[in-house]
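Here's a quick briefing on a protein model, with an eye on helix packing and aromatic contacts. Have a look at the structure first, then read on.

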Amino acid sequence: YDWNAQIAAGSSLELGWQVNFPEGSPLPSVVSISLNGKECTVPISTGTTPTTTTTTTTASTTTTTTAATSTTTTQQGGSTTSPVSTTTGGTTASTTTGSPSNTCDDVTDYDYAEVLDLSNLFYQAQRSGNLDVYGDFNHEKIPYRGNSAENDGSDNGVDLSGGYYDAGDYVKFNFPMAAATSLLAWGALDFEVGYKAASEWEATLNTIKWADRKSVV
């Protein structure tokens, strides 16, 4: 591939992956391996056991990690993938495991599930129009907001309610809203798995859709 000019034809490129899961839960096993959306079929290795490590986070949460590697052999004009798999009880180990953790506390100093939740709450606080159109507005955490500008555009026979206020004031600007919404949508498309693992997928879709409800200026 052109993305790694340092790899000569016939060389091997090793790609590693790891799985994090709570200590005491059943050991994950590989059920499938894919590369660039292509399912890889590999023979089950014999005499190979998973590598496990134990890590304690700052929140005193202990997790166990299994690790495996896959090897990509680059040839002139293309590449082939030969993943090296680990086995547990005779079952090929997996990049696809059970339910992922809802937080990232075990691998980072930040709880990205909380970050995404607070981000969506920020946008909720900037909503214009009827706050409960989607039935998701968090009145408990944002008690100071109420419905506003529900009749925007009615003097001209159009419905311009909805959209987001800009910078905490009472004006809705198209360009800033379009830029912010484009980035939100881009992130959601690229990291759908992460949003779903954090249980923020539906909230993020609502955040994106709200910008398209109507806007002015």
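Start with helix α4, residues 201-211: its buried residues are W201, T204, N206, T207, I208, W210 and A211. Buried here means under 20% relative accessible area, exposed means over 50%, and partly exposed is in between (1.4 Å probe, protein chains only). Keep in mind that this is a predicted model, where local features need pLDDT of at least 70 and side-chain atom pairs count only at pLDDT 80 or more, while totals for chains, interfaces and linings use all residues. Residues are numbered from 1 along each chain as its sequence is written, and side-chain values use heavy atoms, with hydrogens and water left out.

**The chain overall**

- The protein chain has four helices and eight strands; helices (H or I, at least four residues) and strands (E, at least two) are DSSP runs, numbered from the N terminus.
- Reading from the N terminus, the order is β-β-β-β-β-β-β-β-α-α-α-α.
- Of the 217 residues in the protein chain, 31% count as buried.
- Take the contacts (heavy atoms within 4.5 Å) between residues at least 6 apart in sequence: 60% of them join residues at least 24 apart.

**Helices α1 and α4**

- The cover over the buried residues of α4 includes α1 (112-125), α2 (174-190) and α3 (192-197).
- Turn to α1, and its buried residues are A113, L116, N120, L121, Y123, Q124 and A125, with α2, α3 and α4 among what covers them.
- D111 caps the N-terminal end of α1, with a side-chain oxygen 3.1 Å from the backbone nitrogen of A113.
- Q124, in helix α1, is buried because its relative accessible area is 8%.
- Leaving out residues up to four places away in sequence, Q124 touches D136, F137, N138, I142 and R145.

**Aromatic pairs**

- Searching the whole structure turns up four aromatic pairs; rings of Phe, Tyr and Trp (its six-membered ring) pair if their centres lie within 6.5 Å, and planes under 30 degrees apart count as stacked, over 60 as edge-to-face and the rest as tilted.
- Y134 and W210 are edge-to-face because their planes sit at 85°, with ring centres 5.4 Å apart.
- That pair links distant parts of the chain, with Y134 in the loop between α1 and α2 and W210 in helix α4, 76 residues apart.
- Y134 counts as partly exposed at 29% relative accessibility, whereas W210 is buried at 0%.
- Y165 and Y170 also form an edge-to-face pair, 5.5 Å centre to centre with 75° between the planes.
- Y165 is buried at 9% relative accessibility, but Y170 is exposed at 71%.
- Ring pairs also tie F122, Y123 and Y164 into a cluster.

**Charges over rings**

- R127 lies over the face of W210, 4.1 Å from the ring centre; a charge sits over a ring if NZ of Lys or CZ of Arg is within 6 Å of the ring centre and within 35 degrees of the ring normal.
- K196 lies over the face of W201, at 5.3 Å from the ring centre.

Terms used
Polar contact = N/O pair within 3.5 Å; in protein donor to acceptor, adjacent residues only side chain to side chain.
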